[in-house]
Amino acid sequence: MISSSSLAFVSSSSSSSSSSRRNNDNNKTRLSHLRALDLRKRKTVVNAENNNENDVTSPFTIGRGSSNSSNSMKSTSSIENMGKRGQIATGQPFLDHMIDQLTTHAQLGVSVQVEKERVGEMVKCEPDTAKYASDEDAEATFKACGEAVGKALKDMLCSEGRIGFAANARTNGTRFAAPLDEAYASCLIEQFDSEKDGELKLFSLAPYGPRNRTHIGVYPTVYTETFFREVAKHSGLTIRLEKHRGDNAHHIVEATFKSFARCLRKFMDEVEGSDVESSSSGSNNSTSRAASRARSTKETSIDVALDLDMKDEANSSLEISTGIETLDALFDALAETAEFGTLKCVASGDTWIDDHHTTEDVAITIGQCLNEALGNKAGCNRMGSGSARVNGSEVEVIMDLSNRPYLGYDLDFAGDSIGDLSCEMVEHLFMSITFNGQMTVHLVTKEKGSTDKDLAEAAMRAFGTCLKQCKSIDPRRAGAVASSKG
């Protein structure tokens, strides 16, 4: 579980010899002469005078880098914080698409240009074509691109004159897990040091699907590691990348690039002192993200209303009565952790038969209301990962408001029921919310405690915690949907 401790900045001041001695003692592995940083300048600033929440300043500006490992292959890159999408032309179309994830998910304007030697002259690759791709020079291409992107990242992270800047991530690292359908991967950034090479400490993606796919189009999957190893080395970032689930090579690689991009933005936000994950408010005060539905069949009668945003905790509204006490408790946990302003869920069903129809129909209706209230997801964080512990049970949820319904589920209950709710209906509950909410969701058991009740509650609390992150508005997105599809 990620520690909530604050960032630790490693620095020394030339104006204080005692401070220098303390830093040298405590940070023997660090290079000397790391200058002190003014935390106040790294705070995200909103222009209060104009009341424009999209007018945000940042200490990170623009960085540039170029490769120098080969005379016959050259890559140049520029990366601008909060910049517009640039041209990416590596000669490997799928690599272009993957690097573009940094624009969509790290909110960085990235440009990459590869030049190759052809018949004695250097030729610039063009985007949207595979005519420059070749297995013979693929490794050199991935290496040159990784080097250029890594150098540009370091230059960007050290912009505004921050020479000798170093930052440790949180105690257990800055982590982000990103899903894509059946696959999900995680990135952990341990630290950044502008005066040292970074390191790819872990890279675990293979096999690329059950047949260990060797190519995605003309993209050789084996050189994914080459790219990230060069990015880590030349950026000064210490990184771990790991696949946790996945059967489709395209999904595995793309989930990895998404997790790296999101983790990088999260790391930068921590350095800046910016928090866009915990806000529960809508895009502005006049926008209501709410929905309600009523449905009646021979089996159930259901009335659901929800408001995604808690404007005032004192005025929040919770009314849950489904006729199934365990289900009521789980929805109560969802409303609490997701920080809904309103959740009304009143139902009556044929519980004299069993709990199936009521559980299913209520979950379907809540999922539909979530989908309606979220609308086109404009400005939302969209992706998130969160954990919850209840006594001895801990569950992590990875979520994407993707409009691509998928549920990955590994909860394993010991008994047949939890109070008046069948254990088999817990999976059906999550599936009905996920599919009708148009979400990609992975539930992952991190630790299984002694009771089924604790495991189910931990799962719902993790789901709510993650949903809170995903539904929160990032004002820097200026109402745009976080998607590389355009």
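Helices (H or I, at least four residues) and strands (E, at least two) are DSSP runs, numbered from the N terminus. By that rule, the chain has 10 helices and 25 strands.

This is a predicted model, where local features need pLDDT of at least 70, side-chain atom pairs count only at pLDDT 80 or more, and totals for chains, interfaces and linings use all residues. Residues are numbered from 1 along each chain as its sequence is written, and side-chain values use heavy atoms, with hydrogens and water left out.

**The chain overall**

Buried means under 20% relative accessible area, exposed means over 50%, and partly exposed lies in between (1.4 Å probe, protein chains only). Of the 486 residues, 54% count as buried. Contact means heavy atoms within 4.5 Å. Take the contacts between residues at least 6 apart in sequence: 80% of them join residues at least 24 apart.

Strands of a sheet pair through backbone hydrogen bonds, either parallel or antiparallel. Here, two strands pair if DSSP finds at least two bridges between them.

E16 pairs with strand E17 (residues 300–307) in the antiparallel sense, over seven bridges. Ala290 has Asp307 in E17 as its bridge partner.

**A sheet with E20 and E22 at its edges**

Another open sheet of four strands runs in the order E20-E21-E25-E22. Its pairing is mixed too. The edge strands are E20 (383–390) and E22 (406–408), and each pairs on one side only. The twist averages 15° from one strand to the next. Strands E21 (residues 393–400) and E25 (residues 440–447) run antiparallel, joined by seven bridges. Glu394 has Glu447 in E25 as its bridge partner.

**Helices on the sheets**

Axes are lines fitted to C-alpha atoms, for helices over the stretch in contact, and angles run from 0 to 180 degrees between N-to-C directions.

**Where H8 meets H9**

Two packed helices are described by the angle between their axes and the distance between the axes. The axes of H8 (residues 356–374) and H9 come within 7 Å and cross at roughly 25°. The contact includes Ala363 and Ile364 of H8, and Leu429 and Ile433 of H9. By class, it has six nonpolar, eight polar and one charged residues. Ala, Val, Leu, Ile, Met, Phe, Trp, Tyr, Cys and Pro count as nonpolar, Asp, Glu, Lys and Arg as charged, and the others, Gly among them, as polar.

**A lysine in H6**

Is Lys258 buried or exposed? It counts as buried, at 4% relative accessibility. Lys258 sits in helix H6 (residues 249–272). Not counting residues up to four places away in sequence, Lys258 touches Gln101, His105, Ala178, Pro179, Arg382 and Met383.
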